[in-house]
Amino acid sequence: MTDVRIDDLPVRDELRGKSPYGAPQLDVPVRLNTNENPYPLPEPLVERITERVREAARHLNRYPDRDVVELRTELARYLTKTGQYPLGPENVWAANGSNEVIQQLLQTFGGPGRTAIGFEPSYSMHALISRGTGTGWVSGPRGDDFTVDLAAAEKVIAELRPDVVFITTPNNPTGNAVPPETVLALYEAAQAAKAETAGAMVVVDEAYVEFSHGDSLLPLLEGRPHLVISRTMSKAFGAAGLRLGYLAAHPAVVDAVQLVRLPYHLSAVTQATALAALEHTDTLLKYVDQLKSERDRLVAELRAIGYEVTESDANFVQFGRFPDAHAAWQRILDRGVLVRDNGVPGWLRVTAGTPAENDAFLDAVREHLSFVG
Ligand code: PMP
């Protein structure tokens, strides 16, 4: 084949010179870099998935339920049970991971000539999916302690009048949560800034909320049709391989995203697997308490060793500060432990794993201290 590179192709200008999302997938003994749940699915659930998928396989000659009604009903039931706010299938939409949910939201409410904002450092895919959907991206500020400074955030919203506002709480990669009062104030600021049009959409990304010390912001949906809460089965449910994300919002939002979703976007196999997983919600979520206490142990032990640690409401911990975070990441990897360098200068992120994995990580960073001395 002749040597042709991306830039030799007529790719869109905004994609030139850019890199794809790329958390390394390395085969090392301890992988604590992508905020997965470390526990494999329990065997009774594996059995139930097999049964449900076998049944679905009999009908694979047909397209799946395009409106995903049974799964949306079960997701609404789960949210109602855990979120102290009643929701029905008309409030819920599901897609292949919350990344696809976010993509559908940006295709619906962003796009060329529109802008989205997030308060960075935050989940990098918000910016990347904005670019992919032709939506302008504004990097909003965070303070030195990684909290969202309300006055600064309100100012930038008033000035730039974004169409979509992302609030990630608990935030990735920093781990800290955004107080509900701040979310409410940003919602008001976003609507005020776009008052002469139909307002702005505020997307609260709650991918990690099950690990939080606080509650979900689902009750804030009451009377706020421009609010969307995005969730996933990749973290607390321990089902990252399933690729199932979902949102809760006013039914009009659910109707609106259907304007852009691909027909039959959620395969019959995915729907069957997710339904089986939801039948086992209690078993899956029992690991959450254990992971929360391991997260708290990581925070305490890292501080005891002498690291700075950002408060965490998630299943991961941001720690530093390193003169050269990438070099530190490499030295920890040399000891067989893969953590994440999110490009936040001076800081790295570690996912809470099993107690044995966390011990291996703590041993590696204790050794590492002797390097930075
Ligand atoms: N939101 C946040 C804040 C995340 O950290 C992640 C995954 N790292 C996602 C969304 C996407 O998750 P998924 O597509 O697996 O649902």
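Q: In which loop does Asn35 lie?

A: The model shown here is predicted. Asn35 is placed in the loop that runs between strand E1 (30-31) and helix H1 (43-57). A residue is called buried if 20 or more other C-beta atoms lie within 10 Å of its own. Asn35 has 23 C-beta neighbours inside 10 Å, and therefore counts as buried.

The backbone at Asn35 also deserves attention. Most residues other than glycine have a negative phi. Asn35 is not a glycine, yet its phi is positive, at about 55°. Phe146 likewise has a positive phi, of about 70°, although it is not a glycine. Phe146 belongs to the loop between strand E4 and helix H5, and it counts as buried because 20 other C-beta atoms lie within 10 Å.

Thr147 is found between strand E4 (136-140) and helix H5 (150-160). With 18 other C-beta atoms within 10 Å, Thr147 is partly exposed. When neighbours within four places in sequence are left aside, Thr147 is in contact with Arg142 and Asn176. The C-alpha atom of Thr147 is separated by 51 Å from that of Asn61, and these two residues are 86 residues apart along the chain.

To return to Asn35, one of its partners is Lys235. Not counting residues up to four places away in sequence, Lys235 touches Asn35, Asn37, Ala207, Tyr208 and Asn315. Lys235 lies in the loop between strand E7 (227-232) and strand E8 (245-249). It has 27 C-beta neighbours inside 10 Å and so counts as buried. An unreviewed UniProt entry carries the annotation "modified residue: N6-(pyridoxal phosphate)lysine" at Lys235.

Ala207 is a contact of Lys235, and it is also listed among the closest residues to the ligand, together with Gly97, Ser98, Thr232 and Ser234. In total, 13 residues surround the ligand. By type, this shell consists of 3 nonpolar, 9 polar and 1 charged. Helix H3 (residues 97-109) makes the greatest contribution to the shell, with 3 residues.

Arg231 is located in strand E7. It is buried, because it has 30 C-beta neighbours inside 10 Å. Arg231 and Leu79 are 152 residues apart in sequence, but their C-alpha atoms are 9.9 Å apart in space.

The domain assignment divides the chain into domain 1 (6-42 + 283-372) and domain 2 (52-281). The centres of the two domains, taken over C-alpha atoms, are separated by 24 Å. Across the boundary, 28 residues of domain 1 are in contact with 27 residues of domain 2. On the domain 1 side, the elements that give two or more residues are helix H9 (281-305) and strand E10 (316-320). H9 gives the most to this side, with 8 residues. The residues on this side comprise 12 nonpolar, 8 polar and 8 charged.

Val165 illustrates how its members pack: not counting residues up to four places away in sequence, it touches Ile117, Ile157, Leu186, Ala190, Ala200, Val202 and Val203.

Two further backbone features complete the account. Most peptide bonds are trans. Asn172 and Pro173, however, are joined by a cis peptide bond with omega of about 15°, and Pro173 is found in the loop between strand E5 (164-168) and helix H6 (180-193). A cis peptide bond also joins Gly320 and Arg321, with omega of about -15°. Arg321 is found in the loop between E10 and helix H10 (325-334).

Definitions and conventions:
Residues are numbered from 1 along each chain as its sequence is written. This is a predicted model: local features need pLDDT of at least 70, side-chain atom pairs count only at pLDDT 80 or more; totals for chains, interfaces and linings use all residues. A residue is near a molecule or strand if its C-beta atom, placed from the backbone, lies within 6 Å of it. Helices (H or I, at least four residues) and strands (E, at least two) are DSSP runs, numbered from the N terminus. Ala, Val, Leu, Ile, Met, Phe, Trp, Tyr, Cys and Pro count as nonpolar, Asp, Glu, Lys and Arg as charged, and the others, Gly among them, as polar. Two residues are in contact if their C-beta atoms, placed from the backbone, lie within 7 Å. Domain bounds come from an automatic or database domain assignment. UniProt positions are given in the numbering used here, feature names are shortened, and annotations may be inferred rather than shown by experiment. A residue is buried if 20 or more other C-beta atoms lie within 10 Å of its own, exposed if 12 or fewer, and partly exposed in between; C-beta atoms are placed from the backbone.
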